[in-house]
Amino acid sequence: MCHALALGVGGSFGNTLFRIPRWENLIMATLEKPREEVMEPNGSGSHTNGSGLLRRFWSDKDKEEPKVDPSLPAKKTHSFMVADPRTGDEHRGLLHFVFDLIRGMGRWKKSLTLSDPVEEQVDPSHTWQALASVFFLKLLWVLNGPMKMAGRLLEDTLNFFMANDGVFKTIFRVVFHRHRLVIRKRDDENYCSFIGALDPRTALLSASSPSTKVKVDDNLLVFPGKEYGSKYTADVLVMASKLAYENAKFVERVVTNDWKMNFVGFYDCWNEFQKQKNTQVFLFTDRPQDARAIIVAFRGTEPFNAIDWSTDFDFSWFDINGLGKVHVGFLEALGLGDRRNMETFVSMYKRAHEQRKTSGSNEGSSMSGLSTEVKADEDKSLAYDHVTWKVKTLMRENPEAKLFITGHSLGGALANLYTALLFFNNEELLTKNFGAVYTFGQPRVGAADYSKYLISKVKESRYWRVVYGNDMIPRIPFDDKIFQFKHCGYCFYYDERYVQRTMEDAPNANYFSLKLSVIIGQRIGAVYDLIFSIIGGWIYGPEYREGYVSTFVRFFGIFTPGMCAHSLNNYVNAVRLGPTLLEAKLHEETSEGLYGLLLSFLGSRKEKYPTSTIYHEDLSRLTKNRKVAFSVSHVHRPWDRRSSACEQWNT
């Protein structure tokens, strides 16, 4: 939305109103000036360079040059770009922010901070994208309270109706049998979140499931299996990502009773910048003893948590030498730093460097750069430190277990970053038994150098980034010359027919576009989703039948296709109706103009989707003496109910 505002404003109007040149003319060289020349009496340094828009982040106690450890790598400065979404007198409220922009006043710059020097970086304070993004971040923080109240009221209402067997029975009980009314508390084991109300499925995929239409090797229907790209492995992890949105008792009940696995713990972790426990993660193993899999599942973006959304849309980054530019909001969510004091991220880096020098032998040491007081507070669990300590304990008890990390949306970004930091911090006990990381609809986490680092450690065959249709969140922050965020590894993209393609990145990588084909294509996909919600249960079986709430949300998806496509039931359907085995292998790209898109939906271009076919050489090792090939694109036209038509068996 914030980037849409940026792209939707005309150039001449913007340049006249704000008197700012185009960003192409604002590439800045590295600037070096003595600190004594830039310190202000109040201690907040301000560095001008002709444009007068760079300022230092240092406080009073940073007036002297910091001591640099000579054992650290050659890079002695840390560049960063930070947007502060907070409002109030110090950082100017939302309306004050806009007023400062219109009047050309500089006070709005307190909400946007760059390191000095920023080498060959576009100055974001001159760009519509950055200004609109900061405005939108502040707007989300302002709306957080009302959104949470509305979300809580909606969830309580939905649970009230579900606990009393629907709207009509609830009304009947209110009128005639009030003593039979059931009211769930928010920490009740049956109280479900809005995500759970949209998709109430909790059971895992089984061989008898209606969606398991293709005969495959039994190894693909166990977890953990030999193939990390198998349908069943993906199903366990996507369901874990969905379950992470629920309360601790709900999670424990499902893992223990429905999945017959071993629940380890559910943790509410502290975010020092947000001053709240806004990072949730739970752990479980496939069995209580001699476990073969340890699973870490991070909770994603809650639909009515505006601060979660602001973290997704945030474009702030910190450059970690040896790792690359990393999203500041995700580092904060893992309890590693606080943007109000960038020295916390420098301290985090130094701790990581010490850990790497000692080959991970600093057992129990914290990797967080936050103050000692915060780390010593038992009520403030820091996600990275606490989860790593718990997983190490589990790994020692189960030395043959593989580590799987997963998450949806914001949770996917945290899964991505947590995995990278395990390797960067040289956590050998965990990395040597690393299994795979699955993310579903995750936003971008870092720049190109960060992406290269992660893939160099994990490899494409163990990093599965799943994207559905027109989901907006995987397309932010922008991958452009200003924000420079990049995705890691391959994109396992599913269109609205659940046809899977392995690509470098999803189509329309930055989401917002004024192309007619893109705008119409997004609405076509939303209409298709709406139709599927009505007839999906009739075609594929009762587990794909969607309720009135989901259908109602999909109707609004016609107007906001990127938001509704982010729903987790799309990803569960994609995993269960998609190919039996994902491949870490790029496939032929096809251009998707409006005409081609329409033909695709009519099922006339299945030959253009080579990724929807499992190749003979891969199946030969799965089926031994049989050669099997089947086309998923043929099966997933909803008007074709002939499940047997998907198979061609040649003995």
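Student: Does Thr-419 count as buried or exposed?

Tutor: Thr-419 counts as buried, because its relative accessibility is 1% and the cut-off for buried is under 20%. Keep in mind that this is a predicted model.

Student: Which helix is Thr-419 in?

Tutor: Thr-419 sits in helix 14, which covers residues 410-424.

Student: And which residues is Thr-419 in contact with, leaving aside neighbours within four places in sequence?

Tutor: There are contacts from Thr-419 to Ile-405, Phe-434, Val-437, Leu-454 and Val-458.

Student: Let's zoom out. How many helices and strands are in the chain?

Tutor: The chain has 23 helices and 16 strands.

Student: What percentage of the residues is buried?

Tutor: Of the 651 residues in the chain, 57% are buried.

Student: What about contacts between residues at least 6 apart in sequence? How many of those join residues at least 24 apart?

Tutor: Of those contacts, 71% join residues at least 24 apart.

Student: What do strands of a sheet pair through?

Tutor: Backbone hydrogen bonds, in either a parallel or an antiparallel way.

Student: How many bridges join strand 3 to strand 4?

Tutor: Strand 3 (residues 80-83) is joined to strand 4 by 3 bridges, and the two run antiparallel. Take Met-81: its bridge partner in strand 4 is Leu-114.

Student: Now the largest pocket. How much space lies in it?

Tutor: The largest pocket holds about 1200 Å³ of space.

Student: Which residues lie nearest its centre?

Tutor: Trp-309, Thr-560, Gly-562, Met-563 and Cys-564 lie nearest the centre of the largest pocket. They belong to a lining of 42 residues.

Student: Which helix gives the largest share of that lining?

Tutor: Helix 4 does, with 6 residues. Several helices supply at least two residues each, including helix 1 (2-7), helix 9 (306-313), helix 17 (516-540) and helix 19 (561-564). Helix 4 itself spans 128-163.

Student: How many of the lining residues are nonpolar, polar and charged?

Tutor: The lining of the largest pocket has 32 nonpolar residues, 9 polar and 1 charged.

Note on methods
Residues numbered from 1 in each chain as written. Predicted model: local features only at pLDDT ≥ 70, side-chain atom pairs only at ≥ 80, totals over all residues. Heavy atoms only, no water. Pairing = 2+ DSSP bridges. Helix = DSSP H or I, 4+ residues; strand = E, 2+ residues; numbered from the N terminus. 1 Å grid on protein atoms, 1.4 Å probe; cavity = no way out; pocket = protein on both sides within 12 Å on 5 of 7 lines; lining within 4 Å. Points joined across faces, edges and corners; volume = space filled by probe spheres on them. Nonpolar A, V, L, I, M, F, W, Y, C, P; charged D, E, K, R; others polar. Buried < 20%, exposed > 50% of the residue type's maximum accessible area, 1.4 Å probe, protein only. Contact = heavy atoms within 4.5 Å.
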